[in-house]
Amino acid sequence: MKKKVWIVLFLSIYIFTMLENALAYNLTGKKWVDPKTPKYYWVSGFPSDLQTAANNAAKSWMNASSKLSLTYNNSGTVALTSTYNSKSNLSGYTTLQTDFGGLGNTIIGARVIINTYVTNKYNSTQKQSVLGHEFGHVWGLGDSGDLWALMYPSDEERNYRELICQEVMI
């Protein structure tokens, strides 16, 4: 009887751990034909501090995976724009354009909108985190339930984790 309890306990922990890891990287089901295709550009008026954050976020993604590429190009397929919306606590959001009039699963373009009402209060690392998160959506990643993941939907949690890491390093 004891042996069965241990086996059930072991299997429960194993399955829960596997499920947790699998849920950390949610996919939207949409993807680029070639993940090295997207090029980003900023719409006129996109703030220079966010341009720097976007460049750094793109470099971080490319350093993390040789299968991804996202570079600046005036005639890119990913538009970066900003808005000042005091009625929203969202720092940014991404809309994907897909084939078949938006019904398909192949991404052909994207629009990343950054809310400067929120991000103006952020330091450069936090702005890069916002752009990095939105670039994850550009590649078809969904939000994550993992508090430590870049794709976790709450800036507050990501910013808090950054503070914890900085305090540990001091």
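Helices (H or I, at least four residues) and strands (E, at least two) are DSSP runs, numbered from the N terminus. The model described here is predicted: local features need pLDDT of at least 70, side-chain atom pairs count only at pLDDT 80 or more, and totals for chains, interfaces and linings use all residues. Residues are numbered from 1 along each chain as its sequence is written, and side-chain values use heavy atoms, with hydrogens and water left out.

The protein has five helices and five strands. Along the sequence they follow the pattern α-β-α-β-β-β-β-α-α-α. Contact here means heavy atoms within 4.5 Å. Among contacts between residues at least 6 apart in sequence, 70% join residues at least 24 apart.

Burial is judged by relative accessible area: buried means under 20%, exposed over 50%, and partly exposed in between (1.4 Å probe, protein chains only). By that scale, 36% of the 170 residues of the protein count as buried. The accessible surface of the protein comes to about 10700 Å², and 59% of that surface belongs to carbon and sulfur atoms. Accessible areas come from the Shrake-Rupley method with a 1.4 Å probe; for residues, only the protein chains shown count as cover.

The aromatic residues come next. A pair of aromatic rings is described by the distance of the centres and the angle of the planes. Rings of Phe, Tyr and Trp (its six-membered ring) pair if their centres lie within 6.5 Å; planes under 30 degrees apart count as stacked, over 60 as edge-to-face and the rest as tilted. A search of the whole structure finds seven aromatic pairs. One of them joins Y40 and Y72, edge-to-face, at 5.9 Å centre to centre with 75° between the planes. Y40 lies in strand β1 (residues 39-42) and Y72 in strand β2 (residues 71-72), so the pair ties together parts that are 32 residues apart in sequence. Y40 is buried, with a relative accessible area of 2%, whereas Y72 is partly exposed at 37%. Both tyrosines belong to one aromatic cluster, formed by Y40, W42, F46, Y72 and F135.

P47 lies in the loop between β1 and α2 (48-64). P47 is partly exposed, with a relative accessible area of 22%. Leaving aside neighbours within four places in sequence, P47 is in contact with S82 and T116. P47 and T81 are 34 residues apart in sequence, and their C-alpha atoms are 8.8 Å apart in space.

The next topic is the largest pocket. On a 1 Å grid over the protein atoms alone, a cavity is a set of points where a 1.4 Å probe fits but cannot get out, and a pocket is an open set with protein on both sides within 12 Å along at least five of seven lines; lining residues have an atom within 4 Å of a point. Grid points are joined across faces, edges and corners, and a volume is the space filled by probe spheres set on the points. The largest pocket has a volume of about 370 Å³. Its lining consists of 21 residues, and N89, L90, S91, P153 and D155 lie nearest its centre. The elements that give two or more residues to this lining are β4 (92-98), α3 (116-119), α4 (124-138) and α5 (155-169). Helix α4 gives the most, with four residues. The lining divides into seven nonpolar, eight polar and six charged residues. For this count, Ala, Val, Leu, Ile, Met, Phe, Trp, Tyr, Cys and Pro are nonpolar, Asp, Glu, Lys and Arg are charged, and the others, Gly among them, are polar.

N89, one of the residues nearest the centre of that pocket, is placed in the loop between β3 (78-83) and β4. N89 is exposed, with a relative accessible area of 69%. The C-alpha atoms of N89 and Y117 are separated by 8.3 Å, although the two residues are 28 apart along the chain.

Two residues of helix α4 can be set side by side. S129 is in helix α4 and counts as buried at 17% relative accessibility. Not counting residues up to four places away in sequence, S129 touches L150 and R158. T125 is also found in helix α4, but T125 counts as partly exposed at 43%. The C-alpha atoms of T125 and N159, 34 residues apart along the chain, are separated by 9.0 Å.

A backbone detail remains. Most residues other than glycine have a negative phi, and most peptide bonds are trans. F100 has a positive phi, near 55°. F100 is found in the loop between β4 and β5 (107-115) and counts as exposed at 68% relative accessibility.
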